[in-house]
Amino acid sequence: MFIALIILNALLALVFIGSGGMKAVSPIPRLSERGMTFVDRYPTAFTRFIGIVEVLGGIGLILPVVTGVAPILTPIAAVGLAIIMIGAIVIHVRHSEPVIPVVVLTLLSLASAVLGFVYVAA
């Protein structure tokens with residue numbers, strides 16, 4: 001169970017740290033060119049905030065369970081990321097953008113949360 005949790009969380013962390021880091025530091029026009037067209041419709045601070053939250057969530061998927069310091073924070077981070085992704089689903093549907101990748105990340109985040117809670121409870 002631990003190995004499955006680590007593999008899933010490592011992959012999710014790479015995705016969230018990468019995409020969140022891009023949203024946190026890249027110029028808005030560049031994000032729009034790369035297909036993140038929602039950034040044109042929302043304030044820059046909103047995009048930066050989402051990026052920072054995704055980076056922190058990605059770190060939270062790995063750091064607590066690997067270090068053994070407060071491992072309960074790992075599934076909590078996964079739940080938080082799932083909530084962010086549910087909001088992303090709403091935004092993508094509202095703007096007629098592709099939603100399948102966001103749904104997959106939401107489901108993987110929920111799977112990570114379940115694995116994390118089971119691991120912590122064991």
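Student: Does Thr-47 count as buried or exposed in this predicted model?
Tutor: The model is predicted, and Thr-47 is found in helix H3, which spans residues 44-67. A residue is called buried when its relative accessible area is under 20%. The relative accessibility of Thr-47 is 0%, so Thr-47 counts as buried.

Student: Which residues does Thr-47 touch, not counting those up to four places away in sequence?
Tutor: A contact requires heavy atoms within 4.5 Å. With residues up to four places away in sequence left out, the residues that Thr-47 touches are Lys-23, Ile-28, Leu-31, Phe-38 and Val-39.

Student: Which residues does Leu-105 touch, not counting residues up to four places away in sequence?
Tutor: Leu-105 is one of the members of the largest nonpolar core. Leaving out residues up to four places away in sequence, Leu-105 touches Leu-12, Val-15, Phe-16 and Met-85.

Student: How many residues are in the second, separate core?
Tutor: In soluble globular proteins, nonpolar side chains tend to be buried together. The second core is separate and includes Ile-28, Leu-31, Phe-38 and Val-39. Those four residues are also among the contacts of Thr-47. The number of residues in the second core is six.

Student: Why is the pair of Phe-2 and Tyr-119 described as tilted?
Tutor: The count of aromatic pairs comes to three. For Phe-2 and Tyr-119, the ring centres are 5.3 Å apart and the planes stand at 40 degrees. Planes under 30 degrees apart count as stacked and those over 60 as edge-to-face, with the rest as tilted. Because its planes are at 40 degrees, the pair of Phe-2 and Tyr-119 is tilted.

Student: How many residues apart are Phe-2 and Tyr-119?
Tutor: Phe-2 counts as partly exposed at 35% relative accessibility, and Tyr-119 is partly exposed at 30%. Phe-2 belongs to helix H1 and Tyr-119 to helix H5, so to speak of this pair is to speak of a link between distant parts of the chain. The separation of Phe-2 and Tyr-119 is 117 residues.

Student: Which residues form one aromatic cluster?
Tutor: The rings of Tyr-42 and Phe-46 have centres 5.3 Å apart and planes at 35 degrees, so this pair is tilted. Tyr-42 is partly exposed at 22% relative accessibility, and Phe-46 is partly exposed at 30%. The residues that form one aromatic cluster are Phe-38, Tyr-42 and Phe-46.

Student: Which helix gives the most to the nonpolar patch?
Tutor: The nonpolar surface patch covers about 550 Å² and includes Ile-72, Leu-73, Ile-76 and Phe-117. Ile-72 is found in the loop between H3 and H4 and counts as partly exposed at 36% relative accessibility. H4 and H5 each supply at least two residues of the patch. With four residues, the helix that gives the most is H4.

Student: How far apart in space are Gly-68 and Ala-88?
Tutor: Gly-68 is found in the loop between H3 and H4, and its relative accessible area of 48% makes it partly exposed. Gly-68 and Ala-88 are 20 residues apart in sequence. In space, their C-alpha to C-alpha distance is 31 Å.

Terms used
Residues numbered from 1 in each chain as written. Predicted model: local features only at pLDDT ≥ 70, side-chain atom pairs only at ≥ 80, totals over all residues. Heavy atoms only, no water. Buried < 20%, exposed > 50% of the residue type's maximum accessible area, 1.4 Å probe, protein only. Core = buried A, V, L, I, M, F, W, Y, C linked by side-chain atoms within 4.5 Å. Phe/Tyr/Trp six-rings, centres within 6.5 Å; stacked < 30°, edge-to-face > 60°. Patch = residues over 30% accessible without salt bridge, like charges linked within 9 Å, V, L, I, M, F, W, Y side chains within 5 Å. Areas by Shrake-Rupley, 256 points an atom, 1.4 Å probe, with all protein chains shown as cover. Salt bridge = Lys/Arg side-chain N within 4 Å of Asp/Glu carboxyl O.
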